[in-house]
Amino acid sequence: MDRETVIVLDFGGQYNQLIARRVRECNVYCEILPYTTDIQKIKELAPKGIIFTGGPNSVYDESSPHYSAEIFELGIPILGICYGCQLMAHALGGVVNSAVDNSSSEYGRTETEYFGDNILFENIHSRGISWMSHRDYISRVPNGFEINAKTEKCPVAAMSNHQKKLYGVQFHPEVNHTEYGSDMLRAFLYEVCGCKGEWKMDSFIDDAVEKIRQKVGNKGVVLGLSGGVDSSVAAAIISRAVGKQLTCVFVDQGLMRKDEGDFVENTFTKLFDMNFVRINCQDEFLSKLKGVSEPEAKRKIIGEEFYKVFWNKIRENYGSGFFAQGTIYPDRIESGKGDAAKIKTHHNQVGIPKDICFEDVIEPLKDLFKDEVRAVGEKLGLPHELVWRQPFPGPGLGVRVIGEITAERVKILQEADAVLREEMQSCGYDKKMSQFFAVLPGVKTVGVMGDARTYSELVAIRAVTTDDFMTADWAKIPYDILERVSNRIINEVEHVNRVVYDITSKPPGTVEWE
Ligand code: XMP
């Protein structure tokens with residue numbers, strides 16, 4: 001590989017993506033590969049360095065992930081983290097003590113002492129807090145290694161064999177709570193691996209544009225634009241490469257937020273050079289959804305209808321040349337997390353129907369993490385609002401209008417949601433939330449307005465903070481903001497006479513109501 005690359009070899013640790021992010025923040029490109037990757041492939045990739053991640057296992061478990069000891073003989077610098085450090089010690093003849101009880105375990109912030117001659121710790125203080133998460137511990141380092149850190153319970157919190165460029169840390173330098181953690185990773189990448197730090201977003205854009213031009217030649221490219229961050233950034237970069245040879249097809253099923261369809265259209269027709277095709281098809285979607293209120297049935301119909309409308313359009317006009325998608329790196333990493341129970345169907349990737357034959361698929365963002373995608377989007381001149389857009393479910397407001405979806409109910413929700421967004425923006429709270437939106441639960445309640453009885457819709461407000469959307473906390477929005485939102489929704493949105501705030505975390509709730 002000509003690009004300077006570091007490999008993160010994944011042994012099942014919960015922080016594998018975080019490690020990769022930290023490496024990229026040091027301007028070094030890195031790939032996460034599963035521990036099942038053949039050593040031959042690693043040799044071919046010729047990385048500048050390898051990082052072993054943590055993992056939930058003990059090196060003595062028969063089923064625990066291991067790796068051929070040949071990897072230590074390749075002359076490639078290796079940093080083992082947590083389980084990765086234990087694995088290195090075990091494979092090279094050291095001793096790992098398997099915890100029989102919890103007396104040796106350490107979880108969380110731990111006072112750590114650094115000493116000896118370890119290039120990773122050269123520019124840090126001799127004491128600091130590190131983030132630990134382990135039960136087993138190394139009690140004897142392999143021959144040729146020295147011990148470079150300890151804690152009260154852990155005799156080997158770090159070890160090194162400078163000559164062979166092998167390093168191990170029992171703690172997690174990738175976690176922010178580890179003081180000097182990023183200095184240690186930087187030292188590994190620059191001082192040990194000899195990286196130059198060539199991974200920069202400007203050069204990424206130039207390279208990607210050049211590659212797209214070469215691949216596409218004078219042919220056409222078609223891209224399904226949802227108005228989400230990924231497809232928008234993909235559209236912007238392809239537009240820069242081939243201009244009008246790109247056609248973006250935007251299916252507006254009438255289930256977007258208020259004015260969002262127009263905003264997407266304006267952005268791409270005014271700021272970028274491309275063909276923009278908007279398909280307005282709210283009526284078709286609503287007629288298919290008539291009388292349907294079961295959440296999975298609604299999701300299925302919306303997904304299928306989208307697929308049909310989108311591909312019919314492509315079939316009619318654009319079924320040759322290249323097909324582009326906004327796939328990003330996390331979409332394609334082998335997660336190896338096993339079969340999670342299916343809670344709800346997400347429709348993200350659209351498979352290509354068999355009768356449509358493109359020359360190839362173009363995925364310009366396939367190596368980028370979400371925040372890198374955003375950085376590219378900003379550099380390409382996409383509006384801030386679009387680049388920092390919150391996640392929005394594929395089925396749109398279809399899963400926020402609970403029960404049957406009608407045009408009137410979608411409109412009520414759009415208006416209420418617009419008020420919420422306005423209020424959150426005006427006090428800067430929008431930036432503190434991971435996601436917030438209004439829901440129309442389909443409940444009517446009795447109220448009194450202007451001395452008269454009302455019997456109207458209830459609106460619920462949902463706002464969450466989360467790192468990864470796998471779990472989420474309900475957001476503690478100050479009462480005065482909630483009060484303004486509630487007053488304005490009831491006064492300004494017709495057919496609504498009551499507002500409630502959802503105080504359910506995930507789990508047990510999910511972020512969306514359906
Ligand atoms: P849940 O409701 O599963 O949502 O806790 C987690 C995150 O996923 C978003 N979400 C979707 N995203 N297609 C998507 O691309 C979908 O069908 C979909 N359903 C939920 C949700 O908004 C939240 O950010």
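This is a predicted model: local features need pLDDT of at least 70, side-chain atom pairs count only at pLDDT 80 or more; totals for chains, interfaces and linings use all residues.
Which residues form one aromatic cluster? The points below take up this question and others in turn.

1. The protein chain contains 14 helices and 21 strands. Its C-alpha trace spans about 80 × 60 × 40 Å along the principal axes. Of the 514 residues in the chain, 54% are buried. When contacts between residues at least 6 apart in sequence are considered, 75% of them join residues at least 24 apart.

2. **The aromatic cluster.** The opening question can now be answered: Phe306, Tyr307, Phe310, Trp311, Phe323 and Phe358 form one aromatic cluster. The student may wish to locate these six names in the structure above before reading on.

3. **Aromatic pairs.** The count for the structure comes to 21 aromatic pairs. One of them joins Phe268 and Phe276, whose rings are stacked, with 6.5 Å from centre to centre and 5° between the planes. Phe268 and Phe276 are both buried. Another pair, Trp474 with Tyr501, is edge-to-face: the centres are 6.1 Å apart and the planes make an angle of 75°. This second pair links distant parts of the chain, since Trp474 belongs to strand β20 (residues 473–474) and Tyr501 to strand β21 (residues 496–501), 27 residues apart. Trp474 has a relative accessibility of 23% and therefore counts as partly exposed.

4. **Cysteines without disulfides.** How many disulfides does the structure hold? The number is zero. In general, a disulfide is a covalent bond between the sulfur atoms of two cysteines. As for accessibility, Cys26 counts as buried at 5%, and Cys248 counts as buried at 0%.

5. Cys30 lies in strand β2 (residues 29–34). Is this residue, Cys30, buried or exposed? Its relative accessible area is 0%, so Cys30 is buried. Apart from neighbours within four places in sequence, Cys30 is in contact with Val6, Val8, Ala20, Val23, Arg24 and Tyr329. The C-alpha atom of Cys30 is separated by 9.3 Å from that of Ile50, a residue 20 places away along the chain.

6. **Glu457, a buried charged residue.** Glutamate is classed as charged, and Glu457 is buried, with a relative accessible area of 9%. Glu457 is located in strand β19 (residues 452–465). Residues up to four places away in sequence being left aside, Glu457 touches Arg409, Ile412, Leu440, Gly442, Val443, Lys444, His495, Val496, Asn497 and Arg498.

7. Helix α5 (residues 201–216) and helix α11 (residues 370–379) have axes that come within 10 Å and cross at roughly 75°. The two helices, α5 and α11, are therefore roughly perpendicular to each other. Which residues meet where α5 contacts α11? From α5 come Met201, Asp202, Phe204 and Ile205, and from α11 come Glu372, Ala375, Val376 and Lys379. By class, this contact has five nonpolar and three charged residues, and no polar ones.

8. **Backbone details: positive phi.** Tyr180 is not a glycine, yet its phi is positive, near 65°. Tyr180 sits in the loop between β11 (166–169) and α4 (181–192), and with a relative accessible area of 22% Tyr180 is partly exposed. His495, also not a glycine, has a positive phi of about 70°. His495 is placed in the loop between α14 (479–492) and β21, and at 40% relative accessibility His495 counts as partly exposed. His495 was named above among the residues that Glu457 touches.

9. **Backbone details: cis peptide bonds.** The peptide bond from Lys506 to Pro507 is cis, with omega near -20°. A cis peptide bond also joins Pro507 and Pro508, where omega is about 10°. Pro507 lies in the segment after β21, and Pro508 is found in the segment after β21 as well.

Note on methods:
Residues are numbered from 1 along each chain as its sequence is written. Side-chain values use heavy atoms; hydrogens and water are left out. A disulfide is a pair of cysteine sulfur atoms within 2.5 Å. Buried means under 20% relative accessible area, exposed over 50%, partly exposed in between (1.4 Å probe, protein chains only). Axes are lines fitted to C-alpha atoms, for helices over the stretch in contact, and angles run from 0 to 180 degrees between N-to-C directions. Helices (H or I, at least four residues) and strands (E, at least two) are DSSP runs, numbered from the N terminus. Angles under 35 degrees count as roughly parallel, over 145 as roughly antiparallel, 65 to 115 as roughly perpendicular and the rest as oblique. Contact means heavy atoms within 4.5 Å. Rings of Phe, Tyr and Trp (its six-membered ring) pair if their centres lie within 6.5 Å; planes under 30 degrees apart count as stacked, over 60 as edge-to-face and the rest as tilted.
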